[in-house]
Amino acid sequence: MKQKLCFSLIILFPFIGFAQEAKFRLLPYINGTTSIKNGLIEAGPELNWQKAEKGKTFMLRPTIRLPLTDEAQNLLQIDRFTSEWRAIMAVQFTKDNTQESGNISRHSFGGQIEYGYTDFKYYPLGNADSQQKSGKTSYDLELKYVGFFSSGSSGATQLSPQFRLRYAHDWAAAGETGIVNPPNSNGIVTVSDMIIDPPGVTSLFSPAFSLQIYPGKGSFSYSPAVYYDFTGKNDSDNPFGNLNRLRLESWVFFYPLLSDNSNVKIGITPFLSIRTKGADDFNKVEYGGMVTIKFGTTFLQFL
Amino acid sequence: MAGKKSVLLAPEATRDFTLTLEPVSGGITLFYAFINGVKVIQSDGTDKKTWAGKIPDAQVRIKVRVIGIDNASFIIGLDLPGTADDQSLTLKLQGGYYETEIML
């Protein structure tokens, strides 16, 4: 049983993600932000406007995202070989109704638009001489609501309903194929991995709902979540009428009391993914588990 | 972000004041601070929050409310330049919540 548990955790480890983020003040109401996550660097200003006495805050963050040239060194080199960029505009408005006493309640509305360009290379004849280039533009849109409600007393239940709508039209390179090279002068045959096919795109529309629950005691919070993904046909802007999948997750987050390292949470969930329309390479019903460790994120950050 | 404000400026003499709230350990979700009933800090608990401004020389009531997970801890910092030494209190939530009132 113990061996089975260890094996399961090892299998789940690829799902664990780490991020590095820094925020610094540039001018009154303007911060500079940089972050590195999954081999991508993102940087730009963050404009904050706040009227705390009226419970209103507004944030505008235009940023640019580029893939790191050298992930091990966290190094970005921009030159004529730079083949990918993304421009992102994020906006957030929060209305907090909390007063000196009584209930704690707030509503936060967010939106994000991404627009980017990628220069893809592929080799239709399976040799370097047949290189083709194809520049493609991708675009995503996301709208989000995060609420928070509690009676504001010790041991009171805390609830955070969260809703998200996402549309994505992201071009991706085709998979690599093994190409058998002609024998060299010693008669040795080698294989090279090359991309044969041009890039492809499918559009995705994904509504999601989650309810964050902290029962008012203990170091655990609970987050049931439901996602419904509509995936369109290849090379189409329309995400509807092809493939649909329903996904259910039930996260349990643990908040360790680490000295000098606040807001760390460790999450684990089983998941169930059910194909409700169309066909794909997966089984009609897929299931498994996920683990995550998040740094610098609170109970409110989930979807 | 620190704000240099005088929302509490009274006709009488005033003094400078800085209030900070900072997460220490565990999950801190939201920080709130009120000075004489006026909300001056409303923020998530991801990092240190500061309010700096002028408050009346007369007695001032500061109320802090913090929401989080279980018995997470945080620091309240009070600074009255030229009047008193900086004060710093490390406090623990009880059942995911803590509130306190301080008179200055």
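**About the model.** This is a predicted model, so to speak of local features we ask for pLDDT of at least 70, and side-chain atom pairs count only at pLDDT 80 or more, while totals for chains, interfaces and linings use all residues. Residues are numbered from 1 along each chain as its sequence is written, chains are lettered from A and ligands numbered from 1 in the order in which they are written, and side-chain values use heavy atoms, with hydrogens and water left out.

**View 1. Where chain B meets chain A.** Strands (E, at least two residues) are DSSP runs, numbered from the N terminus.

**View 2. Salt bridges between the chains.** Two salt bridges link chain B and chain A, a salt bridge being a side-chain nitrogen of Lys or Arg within 4 Å of a carboxyl oxygen of Asp or Glu. A:Glu100 pairs with B:Arg61, their closest N and O atoms 2.5 Å apart. That pair runs from the loop between strand S5 (84–96) and S6 of chain A to strand S6 of chain B. A:Glu100 is buried, at 17% relative accessible area, and B:Arg61 is partly exposed, at 25%; buried means under 20%, exposed over 50%, and partly exposed in between (1.4 Å probe, protein chains only). A:Asp96 and B:Lys39 also meet in a salt bridge, at 3.9 Å, N to O.

**View 3. Salt bridges within a chain.** The whole structure holds 19 salt bridges over all chains. In chain A, the side chains of A:Glu46 and A:Arg61 meet at 3.1 Å, N to O. A:Glu46 sits in strand S3 (residues 40–51) and A:Arg61 in strand S4 (residues 56–67), so the pair ties together parts 15 residues apart in sequence. A:Glu46 is buried at 4% relative accessibility. In chain B, B:Lys63 and B:Glu99 make a salt bridge at 3.4 Å, N to O. B:Lys63 is in strand S6 and B:Glu99 in strand S9 (residues 97–103), so this pair ties together parts 36 residues apart.

**View 4. Aromatic rings and a charge.** A:Phe109 and A:Tyr145 make a tilted aromatic pair, 5.3 Å centre to centre with 50° between the planes. Rings of Phe, Tyr and Trp (its six-membered ring) pair if their centres lie within 6.5 Å; planes under 30 degrees apart count as stacked, over 60 as edge-to-face and the rest as tilted. Elsewhere, the charged end of A:Lys136 sits over the ring of A:Trp171, 4.4 Å from its centre; this needs NZ of Lys or CZ of Arg within 6 Å of the ring centre and within 35 degrees of the ring normal.

Note on methods. Helices (H or I, at least four residues) and strands (E, at least two) are DSSP runs, numbered from the N terminus.
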